[in-house]
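Below is a short note for someone opening this entry without having seen it before. The points are numbered so that each can be checked in the viewer.

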Amino acid sequence: MEIQSDGYSIYIGNEVLKEFNSILEDFQGQYSKIFIFCDENSSQYCLPYLIEHVPMLIGAELIEIESGEQNKTLSICNDVWKTLSEANADRNAFIVNLGGGVVCDMGGMIASLYKRGIRFFHIPTTLLSQVDASVGGKLAVDLDGHKNQIGLFRNPDLVLIVPEFLKTLPERHWISGLAEVYKHALISDAEYWSFLAEIDLKNDSDFTSLLHKSISIKNEIVLQDWEEKGLRKTLNFGHTIGHAIESQALEKCRDLLHGEAVAIGMVVETILSQMSNGLSEDDCQIIKSSLGSVFPLQGVDESELPDLIEWMRNDKKNDDSQINFTLLKKIGVAEFNKICSVEQIEEAIKTYNTCLN
């Protein structure tokens, strides 16, 4: 399967690696060096499969970082830039980003800024990165715990989505990745939401359909608004609350995955949607029940509400320190640039906590 994005293609399927090898054969002579950027997980579980199916990558230089959001920093980028420089990487070198969202975000940013830009390819290996981080050209690192504060927009030269890699994921990471899948349905496609309620996630054909549908939804939104001036903001549903909870967890050294934080964010922002954006009580209950049956929702420590509000105030999506949300009008319809007061946010979080009991 191929999805055409803005100047590059997204290929989906286990057979795409053979095509990638052919591309590299045709491309030979136009590049000087190949670097594979990964973390210890993708290096152990995915790199051998990649090399086996793409022999043109034999001899590529490996750059490995430690996994985890806490390593998504300018300091780590600086280390990688030094590594590239010491390896005499020139402007004809390129980077293959093999890993999850952190690897794709960082690897793309590293490539985009090194010598004012070298080519990079994404081979995302987690569900989260396959349906979200690999598509749309957003590249960034965190700053002092604030999510994605330093970054830029630049598209990859190619994206390869290989479902086989998802078999390497622990169940917890697989479920975490589903947060972005459910988000895509909630913001733009009620039929897709119904499909997710019936899908057999262990069936390979359904599996590929899910990947194709979610990537297509995000791609269609991005093609209309690449720099996030309007419609693309709908993709932030669940993320204003979710990023605040994730940043707080990172600061407190708590074990919380990005998708788990976004799932909490989607439930809280669904409650906000009913409170202030006309979402019906029926839709609100359906969403809360469905997300609660899929994700391991954790309670929010209400003593930390002032800290969470500060994280939200510093969110890059805000204007004039007002806290900006994407909220639902109904299942499949989202509205962006919705301002909520601190009182509304705190009430929604307390209501969320009550729903867990």
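1. Start with isoleucine 34. Leaving out residues up to four places away in sequence, isoleucine 34 touches Met56, Leu57, Ala60, Glu61, Phe94 and Val96. Isoleucine 34 belongs to strand 3, which covers residues 34-39. Its relative accessibility is 8%, and because buried means under 20%, isoleucine 34 counts as buried. Keep in mind throughout that this is a predicted model.

2. Glycine 107 is part of helix 5, and its relative accessibility of 1% makes it buried. Apart from neighbours within four places in sequence, glycine 107 is in contact with Phe37, Asn97 and Val102.

3. The axes of helix 4 (residues 74-86) and helix 5 (residues 101-113) come within 10 Å, crossing at roughly 55°. Helix 4 and helix 5 are therefore oblique to each other, and the crossing is right-handed. Helix 4 contributes Leu74, Ile76, Cys77, Val80, Trp81 and Leu84 to the contact, while helix 5 contributes Met106, Met109, Ile110 and Leu113. What kinds of residue make up the contact of helix 4 with helix 5? The contact holds 10 nonpolar residues, no polar and no charged ones.

4. Next, look at helix 7 (residues 171-188) and helix 12 (residues 281-294). The axes of helix 7 and helix 12 come within 11 Å and cross at roughly 160°. Since angles over 145 degrees count as roughly antiparallel, helix 7 is roughly antiparallel to helix 12. The crossing of helix 7 and helix 12 is right-handed. On the side of helix 7 the contact residues are Ile175, Leu178, Tyr182 and Leu186; on the side of helix 12 they are Ile287, Leu291 and Val294. The contact of helix 7 with helix 12 divides into 7 nonpolar residues, no polar and no charged.

5. Helix 13 (residues 305-313) and helix 14 (residues 342-356) form a further pair, with axes that come within 11 Å and cross at roughly 125°. Helix 13 and helix 14 are therefore oblique to each other. Helix 13 passes helix 14 in a right-handed crossing. From helix 13, Leu305, Ile309, Met312 and Arg313 take part; from helix 14, Val342, Ile345, Glu346, Ile349 and Lys350 do. How many charged residues does the contact of helix 13 with helix 14 hold? There are 3 charged residues, beside 6 nonpolar and no polar ones.

6. Aromatic rings deserve a separate look. Across the whole structure a search finds 11 aromatic pairs. One of them joins tyrosine 49 and phenylalanine 165: the ring centres are 5.5 Å apart and the planes stand at 75°, so the pair is edge-to-face. Tyrosine 49 sits in helix 3 (residues 47-53), and phenylalanine 165 in the loop between strand 9 (158-161) and helix 7, so that the pair links distant parts of the chain, 116 residues apart. Phenylalanine 165 is buried, at a relative accessible area of 1%.

7. Another pair is that of phenylalanine 153 and tryptophan 226. Their ring centres are 5.5 Å apart and their planes lie at 55°, so this pair is tilted. Phenylalanine 153 is in strand 8 (residues 146-153), whereas tryptophan 226 is in the loop between helix 9 (204-224) and helix 10 (239-251); the pair therefore ties together parts 73 residues apart in sequence.

8. Finally, one aromatic cluster is formed by Phe20, Phe27, Tyr31, Phe94 and Phe121.

Conventions. Residues numbered from 1 in each chain as written. Predicted model: local features only at pLDDT ≥ 70, side-chain atom pairs only at ≥ 80, totals over all residues. Heavy atoms only, no water. Phe/Tyr/Trp six-rings, centres within 6.5 Å; stacked < 30°, edge-to-face > 60°. Helix = DSSP H or I, 4+ residues; strand = E, 2+ residues; numbered from the N terminus. Buried < 20%, exposed > 50% of the residue type's maximum accessible area, 1.4 Å probe, protein only. Axes fitted to C-alpha atoms, helices over the stretch in contact; angles between N-to-C directions. Parallel < 35°, antiparallel > 145°, perpendicular 65-115°, else oblique. Left-handed = near helix turned anticlockwise from the far one by under 90°. Contact = heavy atoms within 4.5 Å. Nonpolar A, V, L, I, M, F, W, Y, C, P; charged D, E, K, R; others polar.
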